[in-house]
Amino acid sequence: MKTVFSVVALVAALAGCASQPSSTASEAAAPAQKGACMTNFATEGGFWTGQRHSTYEVFQKKSPAAAFDTLLQTVATNGYQIVTSSKESGLISANQTVSYGKGKTVPINVVIKKLSASEIRVDVSLALSGGVSAPIDSVQGEFCKFMDAVRQTPNVNDPAAQQGAQSSGETAGSAKKTATSKKAKKKTTSQ
């Protein structure tokens with residue numbers, strides 16, 4: 001599902017209602033169901049001044065490189081245009097065009113930090129300029145989709161992940177040996 005951002009023209013009296021979502025019993029239960037993604041979700045600002053939505057989650061036994069690859073693909077396949085990305089710094093910056101926004105875009109940033117040898121933190125933030133609104137549950141759903149993708153990456157100590165890495169290393173090594181032996185064979189043949 002693509003998050004839809006739209007420019008909303010409201011009278012001043014309704015602006016407060018538009019920027020403050022109402023809480024229901026089902027929404028109160030949502031953090032327990034969604035985990036840290038929902039629990040750590042925060043919103044700053046307001047409709048007229050602009051809003052910044054953010055969340056973070058800490059993952060055990062995840063590789064920053066694997067999380068980066070997964071997140072880059074997830075961000076791109078969810079309708080965002082990648083602006084910049086750097087695996088070394090763990091940063092993905094992307095944006096999405098606002099529906100009926102006359103060329104406005106909404107930037108989203110994903111930052112992956114290595115906290116320890118077996119722990120990473122993923123931060124996601126989205127900035128909406130003044131006059132642009134998005135349903136809070138849609139933003140939360142999008143953020144949790146990114147966190148779920150990281151959760152699905154193989155653990156660092158996962159034997160299947162290590163075996164896959166060894167297999168790809170062995171394949172690369174075999175290809176290198178084959179190329180070297182072909183060069184040696186060619187050299188002896190030409191002499």
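How many bridges join S6 to strand S7, and in which sense do the two strands run? In this predicted model, 8 bridges connect S6 with S7 (residues 119-128), and the two strands run antiparallel. Within this pairing, Asn 109 has Ser 125 in S7 as its bridge partner.

## Sheet architecture

The strands S2-S3-S7-S6-S5-S4, given here in sheet order, form an open sheet of 6 strands with antiparallel pairing. On average, neighbouring strands are turned by 15 degrees against each other, direction ignored.

Strand S4 (residues 81-86) pairs with strand S5 (residues 91-97) in the antiparallel sense over 5 bridges. The hairpin formed by S4 and S5 has 4 residues between the strands, and Gly 90 adopts a positive phi near 70 degrees there.

S5 is also joined to strand S6 (residues 105-116), by 7 bridges and in an antiparallel arrangement. Asn 95 illustrates the position of S5 between these strands: Gln 81 stands opposite Asn 95, while Pro 107 in S6 is the bridge partner of Asn 95.

## Aromatic pairs and a charge over a ring

The structure contains 3 aromatic pairs. In one of them, the ring centres of Phe 41 and Phe 143 lie 5.9 Å apart with the planes at 50 degrees, so this pair is classed as tilted. Phe 41 belongs to the loop between helix H3 (36-39) and strand S2 (42-46), and Phe 143 to helix H5 (residues 136-151); the pair therefore ties together parts 102 residues apart in sequence. Phe 41 and Phe 143 are both buried.

Another pair consists of Tyr 80 and Phe 146, whose ring centres are 6.2 Å apart; because their planes stand at 65 degrees, the pair is edge-to-face. This pair links distant parts of the chain, with Tyr 80 in the loop between helix H4 (64-77) and S4 and Phe 146 in helix H5, 66 residues apart. Tyr 80 and Phe 146 are both buried. Elsewhere, Arg 121 lies over the face of Tyr 56, at 3.8 Å from the ring centre.

Technical notes
Residues numbered from 1 in each chain as written. Predicted model: local features only at pLDDT ≥ 70, side-chain atom pairs only at ≥ 80, totals over all residues. Heavy atoms only, no water. Pairing = 2+ DSSP bridges. Phe/Tyr/Trp six-rings, centres within 6.5 Å; stacked < 30°, edge-to-face > 60°. Buried < 20%, exposed > 50% of the residue type's maximum accessible area, 1.4 Å probe, protein only. Lys NZ or Arg CZ within 6 Å of the ring centre and 35° of its normal. Axes fitted to C-alpha atoms, helices over the stretch in contact; angles between N-to-C directions.
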